[in-house]
Amino acid sequence: MDLKGMVAVVTGGNGGLGQRICHALAAQGCHIAVVYARSRDQAEGVARDLEQHQVGAAAFACDVTRRQAVAGMVDDVVRRFGRLDILINDAAYNKSIPFADLDGLTDEEWTRIIDVNLTGPMLCTKAVAPVMKRQGIGRIVNIASVAGLGPTGSSIAYAVSKAGLIHLTKCMAVALAPEVLVNCVAPGLLEGTRATANLRPEQIAKATSTSLLGKAADKDDVADQVVTMCRTTTMTGQTVVIDSGRTFH
């Protein structure tokens, strides 16, 4: 499917991976809504950088855990660009809490991680679904993690949230077919992201040393897979792992 002229919403679009995804989609001719939670200046900078691809781009503030904020953001994007074809659920939050430290996994941290990483994508998906259904076409790509495929990652809450996101992908693929295709990318360790910066040094070392390729996953590989999932016409409900050969499912 040709992506030229389509409009993509990228939550967390100002982050390390989010920026790569924005540029990869813009290079295909997509107009980009860079959605951010707090870093307005950074998000606006990303939007300006995207203009090099000769596409429209703008920054939109949104707390993805609040239903009304998400609905307002979607309305603003449609008013600005006239349509909404692609949703990339990349916004995420993590905090390093060892699995054995159950006292450290407070109710507050559990709720925040689940809200941002799982409830947020659900709310965003529900908000864009009617628009995409009316248009007769839509693509949704969720950014999960290999932590959703096994008991790994920065915390129990993070692993559970990403496992939930992988299953949400399957359920939404069923709910929104045939007009809207829903897929998921599950990266391993990515260098230069806020999520990685929150990991303990020993977690980072283990993730690279135990992979077949002996290195971190590549953000551009992840962004390219996102583009492939946006272009597909027959793939839905699937999760692709990109982690330098550490996880198999």
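A search of the whole structure, which is a predicted model, turns up one aromatic pair. Its partners are Phe60 and Phe81, with ring centres 6.5 Å apart and planes at 55°, so the pair is tilted. Phe60 belongs to strand 3 (residues 57-61) and Phe81 to helix 3 (residues 67-81), so the pair ties together parts that are 21 residues apart in sequence. Both Phe60 and Phe81 are buried.

**Around Phe60 and helix 3**

- Phe60 also has Met73 as a neighbour: Met73 touches Val9, Val35, Phe60 and Cys62, leaving aside residues up to four places away in sequence.
- Met73 is itself a residue of helix 3.
- How accessible is Met73? Its relative accessibility is 4%, and because buried means under 20%, Met73 counts as buried.
- Between Met73 and Asp63 there are 9.3 Å from C-alpha to C-alpha, and the two are 10 residues apart in sequence.

**Helix 3 against helix 4**

- The axes of helix 3 and helix 4 come within 9 Å of each other and cross at roughly 40°.
- This crossing of helix 3 and helix 4 is right-handed.
- On the helix 3 side, the contact is made by Arg67, Val70, Val74 and Val78. Helix 4 brings Leu123, Cys124, Lys126, Ala127, Val128 and Val131.
- By type, the residues of the contact of helix 3 with helix 4 are eight nonpolar and two charged, with no polar ones.

**Helix 4 against helix 5**

- Helix 4 (residues 107-135) and helix 5 (residues 156-176) have axes that come within 8 Å and cross at roughly 15°.
- Helix 4 passes helix 5 in a right-handed crossing.
- Which residues of helix 4 meet helix 5? They are Trp110, Ile113, Ile114, Asn117, Leu118, Pro121, Met122, Thr125, Lys126, Ala129 and Lys133.
- From helix 5, the residues they meet are Ile156, Ala157, Tyr158, Val160, Ser161, Lys162, Gly164, Leu165, Leu168, Met172, Ala175 and Leu176.
- The residues of the contact of helix 4 with helix 5 divide into 16 nonpolar, four polar and three charged.

**The buried side of helix 2**

- In helix 2 (residues 40-50), the buried residues are Ala43, Gly45, Val46, Ala47 and Leu50.
- These buried residues of helix 2 pack against helix 1 (16-27), strand 2 (31-36) and strand 3.

**Backbone details to look for**

- Going from Ala177 to Pro178, the peptide bond is cis, with omega near 5°. You will find Pro178 in the loop between helix 5 and strand 6 (180-187).
- Gln54 sits in the loop between helix 2 and strand 3. Its phi is near 60°, a positive value in a residue other than glycine.
- Is Gln54 buried or exposed? Gln54 has a relative accessible area of 69%, and is exposed.
- Ser244 is not a glycine, yet has a positive phi of about 60°. Ser244 lies in the segment after strand 7 (239-242).
- The relative accessible area of Ser244 is 12%, and Ser244 is buried.

Conventions. Residues are numbered from 1 along each chain as its sequence is written. This is a predicted model: local features need pLDDT of at least 70, side-chain atom pairs count only at pLDDT 80 or more; totals for chains, interfaces and linings use all residues. Side-chain values use heavy atoms; hydrogens and water are left out. Axes are lines fitted to C-alpha atoms, for helices over the stretch in contact, and angles run from 0 to 180 degrees between N-to-C directions. Helices (H or I, at least four residues) and strands (E, at least two) are DSSP runs, numbered from the N terminus. A crossing is left-handed if the near helix is turned anticlockwise from the far one by less than a right angle, and right-handed if clockwise. Contact means heavy atoms within 4.5 Å. Ala, Val, Leu, Ile, Met, Phe, Trp, Tyr, Cys and Pro count as nonpolar, Asp, Glu, Lys and Arg as charged, and the others, Gly among them, as polar. Rings of Phe, Tyr and Trp (its six-membered ring) pair if their centres lie within 6.5 Å; planes under 30 degrees apart count as stacked, over 60 as edge-to-face and the rest as tilted. Buried means under 20% relative accessible area, exposed over 50%, partly exposed in between (1.4 Å probe, protein chains only).
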